[in-house]
There are 4 protein chains.
Amino acid sequence: MIKAVFLIQCPDSKGILAAITEFFSKRDFNILHCQQHTDSYEQHFFMRIEVDASDMKTSRKALEDEFSTLAERFKLDWSCYWSDKKTRMAILVSKTAHCLYDLLARQLEGELDAEIPLIISNHPDLERVANQFRIPFYCFPMDEGKEKQEEKVRALLRKFDIDLVVLARYMQILSGSFIDEWKGKIINIHHAFLPAFQGANPYLRAYERGVKMIGATAHYASEDLDQGPIIEQDVIRVNHELTPAGLKEIGKDSEKRVLAAAVKAHLEHRVIIYKNRTIVFSVER
Amino acid sequence: MIKAVFLIQCPDSKGILAAITEFFSKRDFNILHCQQHTDSYEQHFFMRIEVDASDMKTSRKALEDEFSTLAERFKLDWSCYWSDKKTRMAILVSKTAHCLYDLLARQLEGELDAEIPLIISNHPDLERVANQFRIPFYCFPMDEGKEKQEEKVRALLRKFDIDLVVLARYMQILSGSFIDEWKGKIINIHHAFLPAFQGANPYLRAYERGVKMIGATAHYASEDLDQGPIIEQDVIRVNHELTPAGLKEIGKDSEKRVLAAAVKAHLEHRVIIYKNRTIVFSVER
Amino acid sequence: MIKAVFLIQCPDSKGILAAITEFFSKRDFNILHCQQHTDSYEQHFFMRIEVDASDMKTSRKALEDEFSTLAERFKLDWSCYWSDKKTRMAILVSKTAHCLYDLLARQLEGELDAEIPLIISNHPDLERVANQFRIPFYCFPMDEGKEKQEEKVRALLRKFDIDLVVLARYMQILSGSFIDEWKGKIINIHHAFLPAFQGANPYLRAYERGVKMIGATAHYASEDLDQGPIIEQDVIRVNHELTPAGLKEIGKDSEKRVLAAAVKAHLEHRVIIYKNRTIVFSVER
Amino acid sequence: MIKAVFLIQCPDSKGILAAITEFFSKRDFNILHCQQHTDSYEQHFFMRIEVDASDMKTSRKALEDEFSTLAERFKLDWSCYWSDKKTRMAILVSKTAHCLYDLLARQLEGELDAEIPLIISNHPDLERVANQFRIPFYCFPMDEGKEKQEEKVRALLRKFDIDLVVLARYMQILSGSFIDEWKGKIINIHHAFLPAFQGANPYLRAYERGVKMIGATAHYASEDLDQGPIIEQDVIRVNHELTPAGLKEIGKDSEKRVLAAAVKAHLEHRVIIYKNRTIVFSVER
């Protein structure tokens, strides 16, 4: 079955929901999933609609053009994804393997609907993991300077026609222009329950502050470090028995789960960004 | 603002969503919330739609009649609730006070949108709590026999024009005919994570089985004990340090929270029963 | 049964555990519970030991004196609590009732082993709740100035021989000298997952930051606002459907639970403060 | 550092704790961790004590002999583990890879202190995973009959000098004699929150029952299917949007986490079995 997903947002007004469902209903599409949310605080409308596009009478171009006309009327901000176009995802890592292992195993097992054409790192350490999964590994150390290193990374992302960049414990801060180019297409995992413990060494700081839960946060990268729209968070209960090293080890479980859930939501086109927040729709599965 | 909530279910078919949203859109209603869910496994469609009915041009009767016509076409099973008709809720208890306190405090604080005209018990113990909250308390002990006692309870429920019966740790099994009369309108709290530990003494049995989490389950009462449709569940992590008495004490927190959440979902007309399951819609709040 | 609880901390060294257990064993005490924790990061030793003191041969004074000798040898910092001396707890509130209701119901039900001789507020609103539970209510508005108001509060705490002050959503910042006088004896509930969202309006800020979980934190009050040692925390998963008002309502559940758990741990003499952290021992129950 | 862990249980009596701590203290051992628990309901004493054995004056044999004398006096049931003897762990699988991937990645990353000399399966499917991690893979299909197949498995376990058998979604029921031989040394993951949904197809049955949380349970295998002592459990909140297939996919996260936590507790000698329950000590890390 070929499916199309439309992600839509606009200022709220009467009749939007009916207009959009009618649009697909009149064209005899079967609506597989439809979620809508109206944020009454922001007076903003959000929608995800997934239709069966197997027996489409018109071309995709024609459908999108017709939808554009509707979109103009209601000032919709929208995007459309077709299920036969797989997302191409690059993973950036440094020395820590747990998130990388988790993503690769999930992708192999069919949990993540994406191709992973390459893994990029600033350290050689995880080449062994890439090899285990037979994925090309590129190592660009920071020796030659941050700017040059980033240029190489960005060139490679373009060359491989990448749609999504996942920072799976990549311990480098990306430049503003990198983030600008990839706005809404870089997912980072931060090893703390943001906005608590932004920046470096969150587990040590969590220890010193004596918190009773530690967490992890997956978010879209933004220019302000650790300030981008949050996609997913989770926490683990801890107690006085954990040293900073213990918190770090325990925290890995949270990081893996949170990053995988965020990547999955993105790959399934369930995330809409509005201001600095995300609407993450759930769907029947 | 006067609001109307429609709860709808029917076998899935093309165009339902558009037809229903159009129904309200054409009549110029503002749709406040709309959730729909299609269960692909059961091929069944569920919907909750909440509209602003303040400036309605027609009578409620007329609207419902018109909706009936639509309903026939799609074989909709539906019900409609108007926000100016408050649910009248009776609470049945035995000797344990924690759920009762919690419900009464929440209702007073405006968290539960219901009137509580009376509390009924088979023991005199909790009259003191009813008095604290100035709610009439009726005590019908079991001495005179279960049948007679139930008759009195049921007479009172009818007399007070009750819409919802909440069993807040009422330690009596209701008869089949009682449950029949009140199908889908009795919410019970079971002090275990159903279907584990159905029946009596769940905490002792949880101790003996050595489980690492205990829970609570709020469900609609059914003729088969502890088998009715589940509305809400929760668990608490426990360890070897808890004796059966300790589990019981800790479990109270779960019971309170789960029962309150289930009652709230029911009062907000967010629950649809299908077979032995519930669809519990969430809404913006 | 009369019980004695010893809370002990000291720099770690060989033989402490054996020395302390021997101390009680030689005097033929039955050790009911014994928890010890060595923080290898801080090289510090913590212990809670609870003994059956029903058939004590010597006076309490004599026992404490003998323990002092041991304490000097190992440089123990310690305190001792006797189960027949009930903690006297004052509750300070403003306008929000949910934590107050929860604490009062738990105390009545025997969950909190404390006397509650009075409730103090800077607003008259919650007098009705105090009346429901027949607890004296004192209202000191802020009109006459913060300093005078605090003096009256402190005079009352002394007059009633209070051991523990619980700030159950008391929306006033206590002065440094108040906190100094009551160091380690004031428990506050903050309606956020500290250190995230310190200060005012945490729910609004949580909404704007788009977090996917909200929380609550119970901590000992310290001079630096919201910086004191954390006793208990918890979080609730939220999503885009919650407005700031919705977060606030949902968050109440967390606040109640977290504050009650922290107060309970304190009343059961299970908390040791070290630097800005707490060791919270669990015990068989 | 060489460490020794003693796991001890016995009927409770006065002075045990002091006697054991004194035993190690007199011999000038540094006690690294000491946890004790007295189950007042069962009147039973449990203890885990971990000591630094680097500078031991006597032989291990001598120490264990001396401890035996103490053990006789208090009727201790005990075992002792030395940190330089690594646990040898066999993993049994069928066709599902997620738990296998998770265990292998954790072991490689140093989270699980064990050697994994082999993987055994009744299907050839997961040989690819074994190859990725360069671990010998043995496939014994069921064609030749259950008895013969089990014989081969057991012979291999003996040949490889295995200490612990982990059933990582091995979809065969082991014979009574197999389980007898390996009592307390086989850890199984069940894909439900036991005792709910014992036996086959738990996710389908969870769907049909309409539970609001699904779970996973790691337990020691026993002759009665799914009835052995539980080591670890966890749950995930679910809603009406999940079909049986969706529950199965979501549940994998729970299974991985729960199995890993249970295996880790076993490898760190933190688990004591008593009747059909486990005491799982936590330790500073």
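This is a predicted model: local features need pLDDT of at least 70, side-chain atom pairs count only at pLDDT 80 or more; totals for chains, interfaces and linings use all residues.
- Four strands make an open sheet in the order S2-S3-S1-S4 (chain D), and the pairing is antiparallel.
- Strand S2 (30-39) and strand S4 (77-82) of chain D each have a single partner strand, so they stand at the edges with one side lacking a neighbour in the sheet.
- If you ignore direction, neighbouring strands of this sheet are turned by 10° against each other on average.
- Helix H1 (residues 16-26) of chain D lies across S1, S2 and strand S3 (44-52), and runs at about 15° to S3(D).

**Where chains B and D meet**

- On chain B, 40 residues are in contact with 40 residues of chain D.
- About 3,300 Å² of area is buried between the two chains, with carbon and sulfur atoms giving 55% of it.
- Four salt bridges cross the interface of chain B and chain D; one of them links the side chains of Arg237(B) and Glu232(D), at 3.3 Å from N to O.
- You'll also find 22 residue pairs in polar contact across this interface.

**Chain B's side of the contact**

- Strand S2 (30-39), helix H7 (202-209), strand S11 (230-237) and strand S13 (277-280) of chain B each supply at least two residues of the side that touches chain D.
- S11(B) gives the largest share, seven residues.
- Sorted by class, this side of chain B has 19 nonpolar, ten polar and eleven charged residues.

Technical notes:
Residues are numbered from 1 along each chain as its sequence is written. Chains are lettered from A and ligands numbered from 1 in the order in which they are written. Side-chain values use heavy atoms; hydrogens and water are left out. Two strands pair if DSSP finds at least two bridges between them. Axes are lines fitted to C-alpha atoms, for helices over the stretch in contact, and angles run from 0 to 180 degrees between N-to-C directions. Contact means heavy atoms within 4.5 Å. Buried area is the accessible area (1.4 Å probe) that two parts lose on being put together, summed over both. A polar contact is a pair of N or O atoms within 3.5 Å; within protein, one must be able to donate a hydrogen and the other to accept it, and residues adjacent in sequence count only if both atoms are side-chain atoms. Ala, Val, Leu, Ile, Met, Phe, Trp, Tyr, Cys and Pro count as nonpolar, Asp, Glu, Lys and Arg as charged, and the others, Gly among them, as polar.
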